Amino acid sequence: MALIADGHVLLEGLPGLAKTTAIKTISELTGLKFSRIQFTPDLLPADVIGTQIYDPRQGTFHTRKGPLFANLVLADEINRAPAKVQSALLEAMQERQVTISGETFALEQPFLVMATQNPVEQEGTYPLPEAQVDRFMFKVKVGYGTEQDEMELLKRASSGSLTAPLTALLSRSDIIEGRQLIAKVRVADKIHQYIVSLVFATREPSRFKMPDLQSLISVGASPRASLYLERASRVNAVMQGRDYVIPQDVKDVALDVLRHRLTLSYAAEAEQVSTDHIVQKILDRVEVP
């Protein structure tokens with residue numbers, strides 16, 4: 001969905017849940033250029049975006065592009081890098097361009113950053129700045145599979161290979177065509193109003209007859225949340241075989257779009273209330289058109 005909607009994805013899950021494998025699989029299925037950046041505390045911005053290299057023979061500088069110049073970029077354990085490196089991604093994620101020594105380079109389309117982070121390990125990690133978190137269209141939580149899933153995992157491991165050879169199913173032109181298609185999906189004014197109401201309910205819950213949530217939310221979702229909700233709803237509608245958006249499309253994507261855009265208050269943290277819980281309450285209580 002993020003590929004077609006031209007967004008980015010933040011995957012959060014414990015180690016060993018195949019987050020990296022999932023992203024590599026997507027690159028193989030799409031045939032897009034793939035790049036992996038392992039974020040570490042000693043990483044520098046130049047290691048991500050690239051730098052100017054001096055050539056003593058020619059007496060000139062030339063640009064060496066970093067791993068960010070790819071279609072699919074895996075930012076592995078993004079919360080292990082300091083803020084200076086994390087902010088190096090901001091321009092690329094928002095503007096789809098990179099500036100190196102004053103020279104601006106456009107990134108090839110499609111461009112998708114899929115970042116992973118560990119939710120429990122705190123040693124040697126740096127919280128993501130709110131400005132960067134807001135640039136991810138989706139935050140997807142990866143949990144444990146079923147017993148049957150793990151049985152299948154053991155069977156594949158004992159046979160010598162966890163993954164099978166894959167053939168590309170989508171091309172770059174297919175993805176660009178998909179983006180043109182979702183632009184034609186119809187969104188009624190009532191759906192737009194529903195999206196705006198959901199976002200405003202995170203900022204002013206009392207106005208929507210949810211005074212119990214007012215003390216739990218410190219900062220609500222940004223206007224970018226409305227844009228991403230609408231765009232993701234369009235993609236969801238197409239995936240369901242429709243050329244128009246219904247309220248259920250908005251509900252289907254709302255949790256992944258909104259969960260990382262709310263800043264909880266100290267009261268919510270003390271009561272161990274999650275953003276998922278709050279978003280679900282808002283979905284249950286805001287009137288559906």
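Colleague: How do the axes of helix H10 and H11 cross, and what is the angle?

Modeller: In this predicted model, the axes of helix H10 (residues 223–239) and H11 come within 8 Å of each other. Two packed helices are described by the angle between their axes and the distance between the axes, and for H10 and H11 the angle of crossing is roughly 135 degrees.

Colleague: Which word describes how H10 lies to H11?

Modeller: The crossing of H10 and H11 is right-handed, and its angle is roughly 135 degrees. Angles over 145 degrees count as roughly antiparallel and those from 65 to 115 as roughly perpendicular, while those left over after the parallel class is also set aside form the remaining class. The angle therefore makes H10, relative to H11, oblique.

Colleague: By class, how many residues in the contact of H10 with H11 are nonpolar, polar and charged?

Modeller: H10 brings Ala225, Tyr228, Leu229, Ala232, Ser233, Asn236 and Ala237 to the contact, and H11 brings Asp249, Val250, Asp252, Val253, Ala254, Val257 and Leu258. Sorted by class, the contact of H10 with H11 has two charged residues, two polar ones and, as nonpolar residues, ten.

Colleague: Over what arc around the axis of H13 do its buried residues lie?

Modeller: In helix H13 (residues 275–285), the buried residues are Thr275, Asp276, Ile278, Val279, Ile282 and Leu283. They lie on the same side of H13, because the arc they cover around the axis is only 165 degrees.

Colleague: Which strands and helices do the buried residues of H13 pack against?

Modeller: The helices among these partners are H8 (189–203), H9 (211–214) and H11 (247–258). The buried residues of H13 also pack against three strands, namely S9 (138–142), S10 (217–219) and S11 (263–264).

Colleague: Is Arg96 buried or exposed?

Modeller: Arg96 is placed in the loop between H4 and strand S6 (97–100), and its phi is near 60 degrees, a positive value in a residue other than glycine. The cut-off for the class is a relative accessible area under 20%, so Arg96, at 15% relative accessibility, counts as buried.

Colleague: What is the relative accessible area of Glu77?

Modeller: Glu77 lies in the loop between strand S5 (72–76) and helix H4 (83–95), where its phi, near 55 degrees, is likewise positive. Glu77 is partly exposed, and its relative accessible area is 26%.

Colleague: What is omega for the cis peptide bond that joins Gln109 and Pro110?

Modeller: Most peptide bonds are trans. Pro110 sits in the loop between strand S7 (103–106) and strand S8 (112–117), and the cis bond from Gln109 to Pro110 has an omega of about -5 degrees.

Methods. Residues are numbered from 1 along each chain as its sequence is written. This is a predicted model: local features need pLDDT of at least 70, side-chain atom pairs count only at pLDDT 80 or more; totals for chains, interfaces and linings use all residues. Side-chain values use heavy atoms; hydrogens and water are left out. Buried means under 20% relative accessible area, exposed over 50%, partly exposed in between (1.4 Å probe, protein chains only). Helices (H or I, at least four residues) and strands (E, at least two) are DSSP runs, numbered from the N terminus. The arc is that of the directions from the helix axis to the C-beta atoms. Contact means heavy atoms within 4.5 Å. Axes are lines fitted to C-alpha atoms, for helices over the stretch in contact, and angles run from 0 to 180 degrees between N-to-C directions. Angles under 35 degrees count as roughly parallel, over 145 as roughly antiparallel, 65 to 115 as roughly perpendicular and the rest as oblique. A crossing is left-handed if the near helix is turned anticlockwise from the far one by less than a right angle, and right-handed if clockwise. Ala, Val, Leu, Ile, Met, Phe, Trp, Tyr, Cys and Pro count as nonpolar, Asp, Glu, Lys and Arg as charged, and the others, Gly among them, as polar.
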